[in-house]
Amino acid sequence: MRAAYIEQPGPPDVIRYGELPAPRPGPTDVLVDVLATAVDPVDALVRSGAFRTALDFPFVIGRDLVGTVAETGPGVTGFRAGDRVWCNSLGHEGRQGAAAEQAVVAADRLYPLPAGVDPDLAVAAVHPAATAYLALFVHGRLRLGETVLVAGAAGNVGSALVTFAARAGARVLATAGARDAGYCARAGAAEVFDYRDPELTGRIHRAAPAGVDVYLDTAGVNDLETSVCLLARRGRVVLLAGAGTRPVLPAGPLYMNGGSVVGFVISHATTVELAAAARAVNDLLGQGLLRPRTLEVLPLGAAAEAHARMERGELRGRRVVLRTGLA
Ligand SMILES: NC(=O)c1ccc[n+]([C@@H]2O[C@H](COP(=O)([O-])OP(=O)(O)OC[C@H]3O[C@@H](n4cnc5c(N)ncnc54)[C@H](OP(=O)(O)O)[C@@H]3O)[C@@H](O)[C@H]2O)c1
């Protein structure tokens, strides 16, 4: 089978595209004919070695796939050949990745794709949307009626955060570029603030005088001086981006308010958490509520080029999907 793979960690040009032996499913695995895979920021962290995780070389890159069940191991129930399925947890912790014509997926990491959902839209959504679900409900412990601040609300993760939070009955305040205000409002934001506005913090404070219950910054600015001081009593800051930032923590305002700062990566989510996220993601996919603003579909052989563009910052706000079967 053809695959995008690496023989060692490194920059985008370590990615090779060529033939590898087709994988074989174990007793509780499913062999999937891959239709499409996505290019995620985390793929660059794994490929470069910046995110430390067990890799077997040659290592097929890629986290997410949409495909069709080709074969099931003897211990698998619930999937049959021909089923349309998706996964968003390949390519780390010893598991080979998704950027190949075939992939083996443990049955408890595989989910049905709702009927009628476009595979490119689905594969583009499953990583950022599952991230948003887990950040809000597992790590942010969001409850009905709370106020959520989403910074970077027009992005892939940000727009899913707004959608999930609004549908859960939260009041959503969003920050985004001025041109993206309408997009964020349509996703469910009650108020949208321009992140370049010098009066931003004061405006958020006036919009939520009792404070923000859950504060999430997908832009990875991680200004804790600001976010901690905007928290409601027992409010939570969920850190999920900006790996290189080293913010100063205002300890007094945090502990005297009963607040907390928690870090989260989907890479460490359990299969039970991922399955809960998958049910919620499928609900939104089935309703057509998870759509990237800009989607670019390229052949699988363009993986190295897509990684290079991502590292140059050229994929911000857009999703690249790699298709098998495209020349
Ligand atoms: N922890 C995890 O498990 C996890 C999982 C998935 C992704 N992530 C991380 O999440 C981050 C976001 O990913 P993404 O795919 O959503 O990226 P994205 O689509 O590029 O979204 C980022 C958004 O942030 C906006 N932005 C830039 N500067 C800002 C600022 N100062 N204040 C507020 N918004 C600002 C951008 O707007 P402009 O277009 O105006 O620049 C853009 O809309 C990445 O760092 C990724 O690595 C983490």
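1. UniProt positions are given here in the numbering used for this chain, and such annotations may be inferred rather than shown by experiment. With that caveat, the UniProt record, an unreviewed entry, lists residues 10-321 as "domain: Enoyl reductase (ER)". The model under review is predicted.

2. The domain assignment divides the chain into domain 1 (2-117 + 288-323) and domain 2 (127-267). Their C-alpha centres lie 29 Å apart. To the contact between them, domain 1 contributes 14 residues and domain 2 contributes ten residues. On the side of domain 1 that touches domain 2, six residues are nonpolar, three polar and five charged.

3. The shell around the ligand holds 25 residues, of which Pro-41, Gly-152, Gly-155, Gly-177 and Ala-219 come nearest. Helix 2 (119-139) and helix 3 (156-167) are the elements that each supply two or more residues to this shell. By class, the shell comprises 13 nonpolar residues, eleven polar and one charged. Both domain 1 and domain 2 are represented, with at least three residues from each.

4. Strand 10 (residues 171-176) and strand 11 (residues 191-194) run parallel and are joined by four bridges. Within this pairing, Ala-174 has Val-192 of strand 11 as its bridge partner.

Definitions and conventions. Residues numbered from 1 in each chain as written. Predicted model: local features only at pLDDT ≥ 70, side-chain atom pairs only at ≥ 80, totals over all residues. Pairing = 2+ DSSP bridges. Near = placed C-beta within 6 Å. Nonpolar A, V, L, I, M, F, W, Y, C, P; charged D, E, K, R; others polar. Domains from an automatic or database assignment. Contact = placed C-beta atoms within 7 Å.
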